[in-house]
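Have the sequence and the 3D view open as you read.

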Amino acid sequence: MSTYQRKSPPSSESTADSRNGAGTVTDRLVEANARYAEGFTDPGMDARPVLNVAVVACMDARIDLHEALGLELGDCHTIRNAGGVVTDDIIRSLTISQRALGTKTVVLIHHTGCGMLNLTEDFRHELELEVGQRPSWAVEAFQDLDQDVRQSMQRVRTSPFLLHRDDVRGFVFDVKTGLLREIDPEIPRER
């Protein structure tokens, strides 16, 4: 089993510099990009993913989707948001992915320990009180990972905008073990 290791851990000096205003996290990212670009060569790829798959997942920083799924650059479209929930914007991205760029398969990935399990729609009300304007978007918080994966699968399978709605599978990624657990799209009946 492979474990995640940071490629180049931030030095305490650079962290201290960021806190003291000598540089920001964004400055560090731009510097890293300059080093990356020095050795960059155009891979000659098309925007169409090689595996014709779009992966929708949570934005959680603990999940390295390419590593976890054995993917290489150019294999898939990766669409991420808080919770990996299928929202109107996810449908928008999937529609472009399918209709303009040829994807046919959709993989949905939620994960254990998700922050969306601790939020409620009251979050919107709290924001409204703080800033004086109610957000136009729903929080899409959930209490049951499996059920939310089922709901996300259903949203993909019923969207009239998507060409390919049959090859849709949903999973929960365990952040402690790195394993995926597939979710049955049907709610299991109690015996």
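Asn81, Ala82, Val85, Thr87, Met116, Leu119, Phe123, Trp137, Ala138, Val139 and Glu140 form the lining of the second largest pocket in this predicted model. That lining splits into 8 nonpolar residues, 2 polar ones and 1 charged one. The space inside this pocket comes to about 190 Å³. How do you find a space like that? Rolling a probe the size of a water molecule over the atoms shows where empty space is left.

In soluble globular proteins, nonpolar side chains tend to be buried together. Here the largest nonpolar core has 23 residues, and the ones touching the most other members are Leu94, Leu108 and Val156. Five stretches each give two or more residues to this core: strand S1 (53–58), helix H4 (88–99), strand S3 (105–111), helix H6 (145–158) and strand S4 (168–173). Which of them gives the most? That's H6, with 4 residues. There is also a second, separate core of 11 residues, with Ala57, Leu65, Leu71 and Cys76 among its members.

Now zoom in on a few single residues.

| Residue | In contact with |
|---|---|
| Leu94 | Ala54, Val56, Ile79, Val106, Val156 and Leu162 |
| Thr95 | Ala100, Phe161 and Leu162 |
| Gly102 | Arg48, Asn52 and Ser97 |

Thr95 sits in helix H4. Is Thr95 buried or exposed? Its relative accessible area is 15%, and under 20% counts as buried, so Thr95 is buried.

Gly102, for its part, is in the loop between H4 and S3.

Last stop, the aromatic rings. How many aromatic pairs does the structure hold? There is 1. The partners are Tyr36 and Phe40, whose ring centres lie 5.4 Å apart.

Conventions. Residues numbered from 1 in each chain as written. Predicted model: local features only at pLDDT ≥ 70, side-chain atom pairs only at ≥ 80, totals over all residues. Heavy atoms only, no water. Phe/Tyr/Trp six-rings, centres within 6.5 Å; stacked < 30°, edge-to-face > 60°. 1 Å grid on protein atoms, 1.4 Å probe; cavity = no way out; pocket = protein on both sides within 12 Å on 5 of 7 lines; lining within 4 Å. Points joined across faces, edges and corners; volume = space filled by probe spheres on them. Nonpolar A, V, L, I, M, F, W, Y, C, P; charged D, E, K, R; others polar. Core = buried A, V, L, I, M, F, W, Y, C linked by side-chain atoms within 4.5 Å. Buried < 20%, exposed > 50% of the residue type's maximum accessible area, 1.4 Å probe, protein only. Contact = heavy atoms within 4.5 Å. Lists of a residue's contacts leave out its neighbours within four places in sequence.
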